[in-house]
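Subject: Handover of a structure with its ligand site

Dear colleague,

Please find the structure below, handed over for your work. A summary of the findings comes after it.

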Amino acid sequence: MPDMTEKVDKARTLNLAAHCRQTRALGPGLRYALWVQGCHFDCPGCLAADWRVRRRNRLIAVETLARDIMSTLEVEGLTLSGGEPMLQPLACRRLIEQVRVQRPGFTLVLYTGFTLEELQIQGHPERLALLAQVDVLIDGRYQAEYNDNRGLRGSSNQRVHLLTDAYREPGTSYFIEPARRVELHPRPEDLLMVGIPPLGLDPALREVLPQ
Ligand code: SF4
C-alpha cells in the first residue's frame, strides 16, 4: 500500500492505473498505452470508474517508463488516457520528451476530459506545455447519450484534433468512423481490456475487466 504521506516528485513520477506495452486498439499503428490514475470529472457512465478515483495507485518513475517505452522498438507512439492525463502534466510531458530524445518521430495521442478550448482559455502553463507535445487530442467529457458505438472515442461530442501533421493521413476519420474492437491482455490478476468497448459487450465479460 503506498504511503499517502510520502512526498512525490510530480515532475518525475507518474501515478498509473494501468499500462499496455503493445496495442492496436488505441490509435494508429502499434502503440504503447498508459492510463493515469485519477480524474476530477464525473461523467455518468464513465468506463474507467476505478481509474477515475483520485488516489495513489502505482507510482512509477518517468525514467523507468521512458526506458521501457524505448526498449519496445516496434511501437510508433504512445497513447495517454486515464483517468485524466492533464492532472499529471509535468510527468506526462517529461515522459514524452525523454522518449523523443532517442526517437524524435514518436507520436502522442492523448485523451482528456477537458475540451481544447478549456485548456486554451484556462491557460494553465503546465497543461499547455503538455498540449504542445500532443499530435492527436481527443477531447471532452464522455456523454453516454452520444455514444454512437463508433470509433476511438466514447461519445460523438468528443472531438479529434490533429494538432500536428503526424496523422494528417489517415486523418480524423480513422478515429471517428471504424467499428470498435477491444483487445484482452492477460495480467497476473485479471484481463486488461484495451480499446473503446462496443455497446452491448457481454456483461459477463465486463465483470472480469477493469471498470
Ligand atoms: S473524463 Fe474520462 S475518466 Fe474522467 S470521468 Fe469522464 S469518462 Fe471518466
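This is a predicted model: local features need pLDDT of at least 70, side-chain atom pairs count only at pLDDT 80 or more; totals for chains, interfaces and linings use all residues.

Ligand and its surroundings

The ligand sits in the largest cavity. Around the ligand are Cys 39, Phe 41, Cys 43, Cys 46, Arg 52, Gly 83, Gly 113 and Tyr 142. Sorted by class, this shell comprises five nonpolar residues, two polar residues and one charged residue.

The cavity

The count gives one cavity of 30 Å³ or more. The volume of the largest cavity is about 630 Å³. Its lining is made up of 32 residues, of which Cys 46, Leu 47, Ala 48, Ser 81 and Gly 82 are the closest to the centre. By class, the cavity lining holds 17 nonpolar, 10 polar and five charged residues.

The largest pocket

The largest pocket has a volume of about 520 Å³. It is lined by 22 residues, and those closest to its centre are Lys 10, Asn 15, Arg 54, Leu 87 and Gln 88. Two or more lining residues come from each of β1 (13-23), α3 (89-102) and α5 (125-131), with β1 giving the most, at three residues. The pocket lining divides into eight nonpolar, six polar and eight charged residues.

Yours sincerely

Technical notes: Residues are numbered from 1 along each chain as its sequence is written. Side-chain values use heavy atoms; hydrogens and water are left out. A residue is near a molecule or strand if one of its heavy atoms lies within 4 Å of it. On a 1 Å grid over the protein atoms alone, a cavity is a set of points where a 1.4 Å probe fits but cannot get out, and a pocket is an open set with protein on both sides within 12 Å along at least five of seven lines; lining residues have an atom within 4 Å of a point. A molecule sits in a cavity or pocket if more than half of its atoms lie within 2 Å of its grid points. Ala, Val, Leu, Ile, Met, Phe, Trp, Tyr, Cys and Pro count as nonpolar, Asp, Glu, Lys and Arg as charged, and the others, Gly among them, as polar. Grid points are joined across faces, edges and corners, and a volume is the space filled by probe spheres set on the points. Helices (H or I, at least four residues) and strands (E, at least two) are DSSP runs, numbered from the N terminus.
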